[in-house]
Amino acid sequence: MKTKGILLVVSAPSGCGKTTICGGFLNKYKDISYCISTTTRTPRAGEKNGVDYFFVPEKFFKSMIKQEKFLEYAKVFNNFYGTSKEAVLKLLDNGNDVLIDIDTQGARQIRKIVPASVQVFIMPPSIKILRERLTNRGKDSKEVIDLRLSEAKNELEQSRFYDYIIINETVEASVEQLRSILIAERLREKRKKRVIEKLLEGK
Ligand code: 5GP
């Protein structure tokens with residue numbers, strides 16, 4: 001599928017700071033849209049329906065799968081997560097760039113559907129730091145942290161399928177690196193065909 005806007009896909013193992021980086025990026029730079037995912041996970045403290053996710057029961061999510069409402073979906077940590085096909089495609093068709101924050105299974109599906117998508121993988125500086133971040137954020141039990149750490153190691157292996165790697169040393173630096181990726185992608189020759197044609201026509 002060809003798209004007018006750029007589909008920026010961001011993945012990272014849990015605890016790598018992806019949510020903070022994407023949030024900081026979207027707050028600072030307003031020329032890209034974010035698409036909220038749908039999930040069957042229960043909201044964490046402070047999370048709001050329609051802001052962080054659309055929180056739905058599993059039965060409802062499965063009916064959405066049947067109705068082909070998702071561009072991609074995956075089961076992550078025993079919960080389903082999916083990207084709205086209609087919302088993303090409408091924005092891209094209108095020439096908007098769109099950021100989606102999805103896991104590696106979802107990114108793999110997107111690579112097939114939208115080959116021109118730009119895929120960014122965020123890594124922790126070290127596993128030690130990742131463990132500390134997961135523990136310090138105090139959101140999950142020890143069992144869940146262990147599960148997330150072993151899953152993180154599997155996910156890190158998927159990084160080779162991505163176009164860009166950001167090592168999250170600081171949120172500020174990572175936000176700027178994500179910005180640089182977007183700017184560079186916008187300047188690609190293949191995305192400037194129309195401008196070049198016009199110039200060649202002497203316009
Ligand atoms: P969390 O429960 O911590 O918010 O997210 C868990 C994982 O699900 C993260 O890796 C996040 O990127 C991923 N995720 C969030 N939304 C989607 C989605 O729409 N599709 C897929 N495949 N993964 C998602």
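This is a predicted model: local features need pLDDT of at least 70, side-chain atom pairs count only at pLDDT 80 or more; totals for chains, interfaces and linings use all residues.
View 1. Strands are DSSP runs of E with at least two residues, helices are runs of H or I with at least four residues, and both are numbered from the N terminus. Strand 5 (residues 70-76) and strand 6 (residues 79-84) run antiparallel and are joined by six bridges; two strands count as paired if DSSP finds at least two bridges between them. Five of the seven residues of strand 5 are buried, that is, under 20% relative accessible area with a 1.4 Å probe and protein chains only. Two residues lie between the strands of this hairpin, where F77 has a positive phi near 45 degrees.

View 2. Five strands with parallel pairing form an open sheet in the order 2-7-1-8-9. Its edge strands, strand 2 (33-34) and strand 9 (164-167), each pair on one side only. Strand 1 (residues 7-11) is parallel to strand 8 (residues 118-123), with four bridges between them, and V10 stands opposite V120 of strand 8.

**View 3. Helices on the sheet.** Helix 3 (residues 85-93) packs on the sheet and touches strand 1, strand 2 and strand 7 (98-101), contact being heavy atoms within 4.5 Å. The direction of helix 3 makes about 155 degrees with that of strand 7; axes are lines fitted to C-alpha atoms, for helices over the stretch in contact, and angles run from 0 to 180 degrees between N-to-C directions. Helix 4 (residues 104-113) also packs on the sheet, touching strand 1, strand 7 and strand 8, and its direction makes about 155 degrees with that of strand 1.

**Notes.** Residues are numbered from 1 along each chain as its sequence is written, and side-chain values use heavy atoms, without hydrogens and water. Local features need pLDDT of at least 70 and side-chain atom pairs count only at pLDDT 80 or more, while totals for chains, interfaces and linings use all residues.

Conventions: Buried means under 20% relative accessible area, exposed over 50%, partly exposed in between (1.4 Å probe, protein chains only).
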